[in-house]
Amino acid sequence: MGEEARGRRLAVVLWSALAVETGGLVGTFALADTTMLVPDYDGTLVMECVVLLYLALAVLPVVVAVLALRTPRNTAAACRAAASWIVALALIFVLVTAGSGPWVLWCALTMVASCAATVICADSPRGLSNMPSRAAAAIAVVALVAAACGSCSGPYMDYPGVWTAPKDAASLTLTEEPGQGGQYTLRIGTCTEQGRWAFDYPQMSTSVQVWLHREGAIACIPGRPEAQVHIVGGDRRAPVIAIFGLLLTKQ
């Protein structure tokens with residue numbers, strides 16, 4: 001009788017943890033803005049710390065589940081550990097495409113609830129219902145698919161086109177050719193220079209960068225024969241690049 005009552009109480013706790021996980025995932029996907037351009041101008045320190053946190057929270061349930069498998073048929077712990085690991089992968093997908101923000105708190109809430117449920121399942125192999133754990137695993141798979149196939153932006157790669165500064169003070173036209181770049185035309189005031197552009201390769205930072213290599217004697221801005229261009233703001237509909245102190249928006 002006591003074992004049965006304990007099982008019912010733990011079932012309530014596991015269903016509650018599932019509700020918290022589901023709410024956390026809903027909050028994550030609702031608040032994460034995947035239309036922003038990342039990681040072009042998003043801080044990397046926060047992102048790296050959050051990734052390490054996710055991995056730490058995800059490894060713990062795996063270790064606990066491996067230990068719990070010594071007890072035959074502890075499928076609840078195995079399902080919960082799998083759910084935690086899959087959810088961590090889903091949240092990393094979102095992190096890469098949405099950058100850091102308030103939604104990260106919902107991620108942490110989700111992972112803490114998932115880890116706590118896994119520990120409970122591993123520590124209490126008897127008298128537990130497998131239904132909430134299987135439901136958690138199924139929801140985690142759905143979250144992973146949504147994160148991988150959703151409206152994800154990530155780094156902005158569509159540089160070819162026309163970029164203009166306010167009041168038509170400057171413009172940059174990038175034409176694409178087969179390979180890693182193409183031709184560019186930079187106009188600042190009445191001066192026009194031309195040359196070739198190429199993506200930064202090998203990529204030396206988290207930003208997707210473009211290098212402008214001047215060709216010819218005309219230089220609108222004296223100095224180095226090459227310049228670096230990268231995204232500094234905006235969104236996918238109107239990204240903004242910075243070049244020589246000017247802000248140019250994609251048209």
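Predicted model: local features only at pLDDT ≥ 70, side-chain atom pairs only at ≥ 80, totals over all residues.
Is arginine 196 buried, exposed or partly exposed, and what is its relative accessible area?

**View A. Glutamate 177 and arginine 196 form a salt bridge.** Arginine 196 is partly exposed, with a relative accessible area of 33%. Its side chain meets that of glutamate 177 at 3.4 Å, N to O. Glutamate 177 lies in strand 2 and arginine 196 in strand 4 (residues 191-199), 19 residues apart. Glutamate 177 is also partly exposed, at 30% relative accessibility.

**View B. Aspartate 168 pairs with arginine 187 in a salt bridge.** The closest N and O atoms are 2.8 Å apart. Aspartate 168 sits in the loop between strand 1 (161-164) and strand 2 (170-177), while arginine 187 belongs to strand 3 (residues 181-188). Aspartate 168 has a relative accessible area of 49% and is therefore partly exposed.

**View C. A salt bridge joins arginine 80 and glutamate 21.** The N to O distance is 2.5 Å. Arginine 80 is in helix 3 and glutamate 21 in helix 1 (residues 2-31), 59 residues apart. Both residues are buried. The structure holds three salt bridges.

**View D. A nonpolar patch lies on the surface.** Leu55, Val59, Val62, Val66, Trp85 and Leu89 form the patch, with about 460 Å² of accessible area together. Helix 2 (44-68) and helix 3 (75-98) each give two or more residues. Helix 2 gives the most, with four.

**View E. Cysteine 121 is in no disulfide.** The nearest cysteine sulfur, that of cysteine 79, is 8.7 Å away. Cysteine 121 is buried, at 0% relative accessibility.

How values were computed
Residues numbered from 1 in each chain as written. Heavy atoms only, no water. Patch = residues over 30% accessible without salt bridge, like charges linked within 9 Å, V, L, I, M, F, W, Y side chains within 5 Å. Areas by Shrake-Rupley, 256 points an atom, 1.4 Å probe, with all protein chains shown as cover. Salt bridge = Lys/Arg side-chain N within 4 Å of Asp/Glu carboxyl O. Disulfide = S-S within 2.5 Å. Buried < 20%, exposed > 50% of the residue type's maximum accessible area, 1.4 Å probe, protein only.
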